[in-house]
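Please keep the sequence and the three-dimensional view at hand while reading.

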Amino acid sequence: MSTSAVNHANEFVDFLNASPTPFHAVKNGAALLEKAGFKLIKERDSWSSTLKPGEKYYFTRNGSTLAAFAIGKKWKAGNPLAMVGTHTDSPVLRIKPHSKKQADGFLQVGVETYGGGKWMTWFDRDLSIAGRLMVRDSEKVVQKLVKVDRPILRIPTLAIHLDRAEDFTFNKETQLFPIAGLVAAELNRQSATGTAATTESAKDDNSEDTTSPPIKAVTERHHPYIVQIVAQEAGCDVTNIVDFELILYDTQKSCLGGLNSELIFSPRLDNLMMTYCGIQSIIKSLDSGSLDNDQTIRVLACFDHEEIGSLTQQGADSNLLPSLIRRLSVLIPSESAGSDASYDKMEDNSTAFEQTLISSFLISADVAHSVNPNYGAKYEADHRPEMNKGTVLKINANARYATNSPGTALMQEVASRAQVVELPNAKARSSGVPLQMFVVRNDSPCGSTIGPLISAKLGVRTLDLGNPILSMHSIRETGGCYDVAHGIALFESFYRNYNELESKIIVD
């Protein structure tokens, strides 16, 4: 493995381990952008006097969606955007608003399924909790992120002696509750620390408390010690926690694996792999002078809620991308100063938005299916992507993916211009990075992505692709180590070359 490929893989593993939730992924992605000189802006502010040609910016929405862009110095209203779109969420178990449960001497936690996870893989894992607290701070309510680094939860399977069925089936509502410990141990802790829990039975239900909050306190709805643990992580008092969004995550670390460390064993490869590639590629594409003659704007959008349909304020089906494109499409440089002046005036550009849409291009980047050697018959005979052999173009005749032949032609040219990724014990490519192609069998269902949704909604030319992985939607997935570098190199080439290539692939 080349040193650069090793570095990309190891840095990605660090990113994975620090990002158990979309909130953490966005925070860590924003830190990478900040370090590279991107400036934070707010959607609620006017941008016309802030944005400048040759500069780079980012913003977040809900703390779980991240968008970044860099403005070419030759940008004009109505010019194209080079866009990469990914998502930050993965199938998880989320703690319910009222989660406090117990049975047969065990403390249990009520959880809700998020997305289409392979929930059987969550059994018998060392689980913990992470997410976002909303904390009262003086007269404001602020967001604080937490990540409990020790295992505190586990979903136990039934012993084989009590269930001889070959198929592992379970009820998601009644048999997916994690245990958090023993009731007796918690009572002993409370007795030793003098922190007896408030219980509903201790209250006089007939008395009216005019000072009580509209919703029960978090210590009444959840096991108090869990609330205490996350409060300690956040550095706040339990009484200041207004509410939270907490999910379960596997405490086993992401790592390189395989005999030659050529694989990545990790949760959340879908889709933090493509999100990380997108962040690193837009950063790497902006070396000194790269925007001087660029007439485009380079855009990265990392959406939340793809796994549940994207139809939310921070999802790909929201107004985030249309709003961003509209605001960028009409930017006009000031005539009162040189190229470093802000966009401080507007002219009549009634069709600039539509012109930008039709000339722009979106790479919808979501991981693809690697061939599984134990289930080879499930794959179409001539479309069997392999790990570490390049990013996969995803194609479907029924438009479950947005890829078409003009997009494929563009991506081949982009790939041929990409920086070579050196692989160990293999003959080096003379140029570019490899691509693979994938279609499902005619007798198989097909997933989808944000690609068709955005393409249909905005009329933007779109192509679906992703790095191949195994065990998609499992609590532990497997990807190719070198494919991190493949993805970064491919997207970097797209950002650098779309300014030139946009006018060379002609259809309409």
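A cavity is a set of grid points where a 1.4 Å probe fits but cannot get out. The model to which this term is applied here is a predicted one. A search of the whole structure finds one cavity of 30 Å³ or more, and the largest cavity has a volume of about 110 Å³. Its lining consists of 15 residues, of which Pro91, Val92, Trp122, Pro267 and Arg268 are the closest to the centre. Strand β10 (residues 241–250) contributes four residues, the largest share of this lining. Sorted by class, the residues around the largest cavity are nine nonpolar, three polar and three charged.

The largest pocket holds about 970 Å³ of space. It is lined by 34 residues, and those closest to its centre are Lys118, His369, Tyr379, Ser444 and Met472. Two strands, β15 (368–369) and β19 (468–470), each supply at least two residues of the lining of the largest pocket. By class, this lining has 14 nonpolar, ten polar and ten charged residues.

Both β15 and β19 belong to an open sheet of five strands, whose order is β11-β12-β20-β19-β15 and whose pairing is mixed. The edge strands of this sheet are β11 (255–257) and β15, each of which pairs on one side only. At the β11 end, three bridges join β11 to strand β12 (residues 263–266), and the two run antiparallel. Within β12, the residue opposite Cys255 is Phe265. In a regular strand the side chains alternate between the two faces of the sheet.

Strand β5 (residues 92–103) and strand β6 (residues 106–114) are antiparallel partners over eight bridges; Gln102 has Leu107 of β6 as its bridge partner. The hairpin formed by β5 and β6 has two residues between the strands, and Asp104 there takes a positive phi near 50°. Strand β6 also pairs with β9 in the antiparallel sense, over three bridges. Here the bridge partner of Phe106 is Leu182 in β9.

The loop between β8 (140–147) and β9 (179–182) contains Asn171.

Which side chain makes a polar contact with the side chain of Glu492? The partner is the side chain of Arg496, at 3.0 Å. Leaving aside residues up to four places away in sequence, Glu492 touches Ser281, Lys284, Ser285 and Gln419.

Methods
Residues are numbered from 1 along each chain as its sequence is written. This is a predicted model: local features need pLDDT of at least 70, side-chain atom pairs count only at pLDDT 80 or more; totals for chains, interfaces and linings use all residues. Side-chain values use heavy atoms; hydrogens and water are left out. Two strands pair if DSSP finds at least two bridges between them. On a 1 Å grid over the protein atoms alone, a cavity is a set of points where a 1.4 Å probe fits but cannot get out, and a pocket is an open set with protein on both sides within 12 Å along at least five of seven lines; lining residues have an atom within 4 Å of a point. Grid points are joined across faces, edges and corners, and a volume is the space filled by probe spheres set on the points. Ala, Val, Leu, Ile, Met, Phe, Trp, Tyr, Cys and Pro count as nonpolar, Asp, Glu, Lys and Arg as charged, and the others, Gly among them, as polar. A polar contact is a pair of N or O atoms within 3.5 Å; within protein, one must be able to donate a hydrogen and the other to accept it, and residues adjacent in sequence count only if both atoms are side-chain atoms. Contact means heavy atoms within 4.5 Å.
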